[in-house]
Amino acid sequence: MHPFTWFLILYTGSALLLIAGVWFYYEKREKRVFDIRRKRRIFHCVKCGELYSIRKKDVSDGQQCPKCGYNNFELSF
Ligand SMILES: [Zn+2]
């Protein structure tokens with residue numbers, strides 16, 4: 001085989017590996033950012049219209065509005 005062919009194979013091979021590595025890195029980073037955002041619970045007050053969010057795991061009993069104190073339930077998308 002011509003030596004240039006081997007060079008071409010190695011060159012494209014390393015380029016593909018690099019792309020795969022970058023892609024994998026961004027995929028992981030994206031997931032981490034998404035996890036951080038998902039932990040925030042968003043509430044919308046039906047009484048005064050205030051939009052607020054908290055960092056809490058269990059919100060099944062709702063969360064009080066910081067403006068008027070009305071107990072609101074979590075927004076679900
Ligand atoms: Zn309110």
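I began with a cut-off: a residue is buried under 20% relative accessible area, exposed over 50%, and partly exposed in between. I note that the model is predicted.

**Entry 1: cysteine 48 and cysteine 65**

I looked up cysteine 48 and found a relative accessibility of 37%, so this residue counts as partly exposed. For cysteine 65 I read 4%, and therefore cysteine 65 counts as buried.

**Entry 2: the zinc ion**

I then asked which protein atoms are the donors of the zinc ion. They are the SG atoms of Cys45, Cys48, Cys65 and Cys68, and they lie 2.3 to 2.4 Å from the ion. I checked the angles among the 4 donor atoms; they run from 106 to 112°, and the site is tetrahedral.

**Entry 3: salt bridges**

Side chains of opposite charge can pair when their charged atoms come close. How many salt bridges does the structure hold? I found 2.

One joins the side chains of arginine 41 and glutamate 74, at 3.2 Å from N to O. Arginine 41 lies in strand 1 and glutamate 74 in the segment after strand 4, so this pair ties together parts that are 33 residues apart in sequence. I looked up the accessibility of both partners. Arginine 41 has 23% and counts as partly exposed; glutamate 74 has 31% and also counts as partly exposed.

Another salt bridge is formed by glutamate 50 with lysine 67, and the closest N and O atoms are 3.5 Å apart. I found glutamate 50 in the loop between strand 1 and strand 2, and lysine 67 in the loop between strand 3 and strand 4. This pair links distant parts of the chain, 17 residues apart. Is lysine 67 buried or exposed? With a relative accessible area of 61%, lysine 67 is exposed. Glutamate 50 has 25% and is partly exposed.

**Entry 4: domains**

Last, I looked up how the chain is divided. I noted domain 1 at 1-38 and domain 2 at 41-77. The centres of domain 1 and domain 2, taken over C-alpha atoms, are separated by 42 Å.

How values were computed. Residues are numbered from 1 along each chain as its sequence is written. This is a predicted model: local features need pLDDT of at least 70, side-chain atom pairs count only at pLDDT 80 or more; totals for chains, interfaces and linings use all residues. Side-chain values use heavy atoms; hydrogens and water are left out. Domain bounds come from an automatic or database domain assignment. Donors are N, O and S atoms within 2.8 Å of the metal (3.2 Å for Na, K and Ca); water is not among the atoms, so sites may look incomplete. Four donors count as tetrahedral if all angles lie between 85 and 135 degrees; four count as square planar and six as octahedral if opposite donors are over 155 degrees apart and all others between 65 and 115; anything else is irregular. Buried means under 20% relative accessible area, exposed over 50%, partly exposed in between (1.4 Å probe, protein chains only). A salt bridge is a side-chain nitrogen of Lys or Arg within 4 Å of a carboxyl oxygen of Asp or Glu. Helices (H or I, at least four residues) and strands (E, at least two) are DSSP runs, numbered from the N terminus.
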